[in-house]
Amino acid sequence: MKNRFALMVAPLLCALCIANASAQPAYPRSFKTQTVATADGASIFVRSGGAGPAVVLIHGFGDTGDMWVPLAVELAKTHRVIVPDLRGMGKSSKPAGGYDKKSQAGDIRAVVTALKQDHAAVVGHDIGTMVAYAYAASYPDKVDKLVVMDAPVPGVAPWDQIILWPALWHFNAGGRDFERLVAGRERIYLDRFWNEFAGTPSKIDEATRRHYAKLYAQPGAMRASFAQFNAIARTDVADNVALSKAKLTMPVLAIGGEKSLGENMAVIMRNAATNVQGEVVKGSGHWLMEEDPGTTVGLIGKFLAASQ
């Protein structure tokens with residue numbers, strides 16, 4: 001009897017495991033979605049919800065705006081939360097160009113104004129940190145606070161030392177042959193980032209990996225991803241050298257993973273801003289929202305809530 005019961009239940013348990021493996025945190029139904037057109041014809045997919053002072057959350061490579069669900073849900077209690085997918089990523093269009101971070105700062109400005117906002121706090125991770133810095137430096141009078149997470153800022157010291165790190169070879173990867181190499185193997189390519197840059201790779205779980213691998217397998221998505229990185233040496237370094245001559249004056253929170261940039265995140269930002277608070281997420285690598293969302297959300301929420 002017990003064996004017969006086990007045979008009946010096992011398929012059901014298997015089905016539940018498969019369902020759970022594919023489950024992803026979802027934005028509440030109160031969040032609305034729309035597409036914002038930029039001046040050069042790109043289409044930026046945006047989620048928004050909540051009420052109060054505006055805050056923009058900018059994702060990086062290996063993620064989309066979906067990474068921010070735990071933070072967005074918390075901040076929506078007190079803020080108007082705006083979550084775009086960067087051009088070329090997620091549900092945004094995949095144009096041929098415009099991947100320098102200064103141009104993408106223009107994309108973010110278009111999103112903010114399309115949602116009838118003017119001032120905003122800005123939060124970025126990875127490539128999103130680079131775009132967030134470009135936005136704050138390009139529109140300093142429109143940024144109330146800035147949060148940057150675990151990524152160097154091209155052209156801002158100690159950039160010349162950081163770029164020598166062999167693990168950053170992907171900054172120069174791209175072109176038709178690289179696109180052919182990863183076509184149909186997007187999951188393998190992404191696993192390299194999730195595994196090598198995590199403090200604990202298993203915290204980027206299977207459901208998360210499947211979710212993003214599917215999005216990055218969309219036509220044009222990997223070409224756009226390579227373009228995001230290729231723009232760093234071609235354009236972003238020179239742009240930021242010029243922008244960083246005037247240091248940011250708004251409050252800045254610089255968060256590093258202990259097993260990644262750590263305290264160096266604050267070191268970088270103190271070369272570009274005058275009012276910097278540094279924090280390190282213990283035990284975490286680069287993927288802060290996946291590896292320790294509780295601590296990361298808490299740090300950002302506290303910083304945004306503080307009166308300065």
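Q: Leaving aside neighbours within four places in sequence, which residues is Lys203 in contact with?
A: Lys203 is in contact with Glu290 and Glu291, once its neighbours within four places in sequence are set aside. Contact here means heavy atoms within 4.5 Å.

Q: What kind of model is this?
A: It is a predicted model, in which local features need pLDDT of at least 70, side-chain atom pairs count only at pLDDT 80 or more, and totals for chains, interfaces and linings use all residues. Residues are numbered from 1 along each chain as its sequence is written, and side-chain values use heavy atoms, with hydrogens and water left out.

Q: Where is Lys203 found?
A: Lys203 is in the loop between α7 (186-196) and α8 (206-216). Helices (H or I, at least four residues) and strands (E, at least two) are DSSP runs, numbered from the N terminus.

Q: Is Lys203 buried or partly exposed?
A: Lys203 is partly exposed, with a relative accessible area of 43%. Buried means under 20% relative accessible area, exposed means over 50%, and partly exposed is in between (1.4 Å probe, protein chains only).

Q: Turning to His59, where does it sit?
A: His59 belongs to the loop between β3 (54-58) and α2 (69-75). His59 is buried, its relative accessible area being 0%.

Q: What does the side chain of His59 reach?
A: It reaches the backbone nitrogen of Leu86 at 2.9 Å.

Q: Which residues is His59 in contact with, leaving aside neighbours within four places in sequence?
A: Among them are Trp68, Pro84, Met89, His125 and Ile127.

Q: Now the strands: how many bridges join β5 and β6?
A: Strand β5 (residues 120-125) and β6 pair in the parallel sense over five bridges. Two strands pair if DSSP finds at least two bridges between them. Val123 stands opposite Val147 in β6.

Q: What does the chain pass through from β5 to β6?
A: The chain crosses through helix α4 (residues 127-138), and this β-α-β crossover is right-handed. A crossover is right-handed if, with the strands pointing away from the viewer, the path from the first strand over the helix to the second runs clockwise.

Q: How many residues of β6 are buried?
A: Six of the seven residues in strand β6 (residues 143-149) are buried.

Q: Which sense does the pairing of β6 and β7 have, parallel or antiparallel?
A: β6 and β7 pair in the parallel sense over four bridges, and Val148 stands opposite Ala254 in β7.

Q: And what about β7 and β8?
A: Strand β7 (residues 252-257) and strand β8 (residues 276-281) pair in the parallel sense over six bridges. The bridge partner of Ile255 in β8 is Glu279. Together with helix α10 (residues 264-270), β7 and β8 make a right-handed β-α-β unit.

Q: Finally, which residues of α12 are buried?
A: The buried residues of α12 are Thr296, Val297, Leu299, Ile300, Phe303 and Leu304. Seen down the axis of α12, these buried residues fall within an arc of 160 degrees, so they line one face of the helix. The arc is that of the directions from the helix axis to the C-beta atoms.

Q: What does the face turned away from the buried side of α12 carry?
A: That face of α12 carries the exposed residues Gly294, Lys302 and Ala305.

Note on methods:
Polar contact = N/O pair within 3.5 Å; in protein donor to acceptor, adjacent residues only side chain to side chain.
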